[in-house]
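Here is the note you asked for on the packing and the ring contacts. Please read it with the coordinates open.

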Amino acid sequence: MKVAVVRGNCLNEWDMQYYPNLREFNIYPTGICSEDNKFDTSNIEMPVLKLKRFGQYNKIPLFSKVNNYFLCYNHYLFGLEKAMRDFDMIHSVEIHNPFTYQAVKTGKPVIVSCWENIPFNSNRWNYKKFKKVVREEAKHFIAVTEKSKEDLEMEKIDAGRIS
């Protein structure tokens with residue numbers, strides 16, 4: 001099974017350190033991030049695919065802040081749907097990330113890990129739309145803490161879809 005691990009511009013060796021061990025179970029992960037990723041990916045022991053991110057081109061400071069606040073496309077990954085064609089499953093993070101929304105829209109099974117512990121955070125404009133689609137269409141959610149599980153349930157995600 002091929003799994004895409006989508007992290008926007010925050011793919012890092014600390015979060016990815018356990019994924020290569022999945023190969024023992026015939027699960028082959030690939031990290032997906034933006035070309036302007038915030039962290040060095042050279043020490044990640046699995047393939048990494050870098051895509052262009054809208055925010056790379058959005059260099060006008062005021063427009064970038066307004067876009068990120070209202071439209072939230074700075075973290076949109078160009079070509080993500082095409083890049084996902086050969087993967088069996090996608091693992092992403094947080095229900096409000098534009099790239100998590102993009103992952104869900106591919107039609108592939110998506111698992112979303114959540115650390116966020118502020119329910120209804122990012123409920124403005126497109127974020128609200130993204131979250132609604134992710135809540136409805138993601139296959140499963142991994143709550144990293146009990147508090148994040150409670151918050152996912154407050155966001156109306158059925159407890160049976162949360163581990």
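The points below cover the cores, the central strand pairing and the aromatic contacts.

1. The model is predicted, and its local features were taken up only at pLDDT of at least 70. Side-chain atom pairs were counted only at pLDDT 80 or more.

2. The largest nonpolar core has 30 residues. Val 6, Ile 32, Met 84, Val 112, Val 134, Phe 141 and Leu 152 have the most contacts inside this core. At least two core residues come from each of strands S1 (2-6), S4 (89-93), S5 (110-114) and S6 (140-143), and likewise from each of helices H4 (80-83), H5 (98-105) and H6 (125-137). A separate second core has 9 residues, among them Val 5, Leu 11, Cys 33 and Met 46.

3. What does Val 134 touch, leaving aside residues up to four places away in sequence? The contacts are Ile 95, Thr 100, Tyr 101, Val 104, Val 112, Phe 141 and Arg 161.

4. Strand S4 is largely enclosed by the rest of the structure, because 5 of its 5 residues are buried. Met 89, His 91 and Val 93 point one way from S4, while Ile 90 and Ser 92 point the other way.

5. S4 runs parallel to S1, to which 3 bridges join it, and Val 3 stands opposite Met 89 in S4. S4 also runs parallel to S5, here with 4 bridges; His 91 stands opposite Ile 111 in S5. Together S4, H5 and S5 make a right-handed β-α-β unit.

6. There are 4 aromatic pairs. Phe 54 and Phe 78 form a tilted one, at 6.4 Å centre to centre with 55° between the planes. Phe 54 lies in helix H2 (residues 54-57) and Phe 78 in the loop between helix H3 (61-71) and H4, so the pair ties together parts 24 residues apart in sequence. Phe 54 counts as partly exposed, at 27% relative accessibility, and Phe 78 is also partly exposed, at 35%. Ring pairs link Phe 54, Tyr 76 and Phe 78 into a cluster.

7. Is the pair of Tyr 101 and Phe 130 buried or exposed? Both residues are buried. Their ring centres are 4.4 Å apart and their planes are at 25°, so the pair is stacked. Tyr 101 belongs to helix H5 and Phe 130 to helix H6, 29 residues apart, and the pair thus links distant parts of the chain.

8. The charged end of Lys 2 sits over the ring of Phe 87, 5.2 Å from the ring centre.

Methods
Residues are numbered from 1 along each chain as its sequence is written. Side-chain values use heavy atoms; hydrogens and water are left out. A nonpolar core is a set of buried Ala, Val, Leu, Ile, Met, Phe, Trp, Tyr and Cys residues joined through side-chain atoms within 4.5 Å. Buried means under 20% relative accessible area, exposed over 50%, partly exposed in between (1.4 Å probe, protein chains only). Contact means heavy atoms within 4.5 Å. Two strands pair if DSSP finds at least two bridges between them. A crossover is right-handed if, with the strands pointing away from the viewer, the path from the first strand over the helix to the second runs clockwise. Rings of Phe, Tyr and Trp (its six-membered ring) pair if their centres lie within 6.5 Å; planes under 30 degrees apart count as stacked, over 60 as edge-to-face and the rest as tilted. A charge sits over a ring if NZ of Lys or CZ of Arg is within 6 Å of the ring centre and within 35 degrees of the ring normal.
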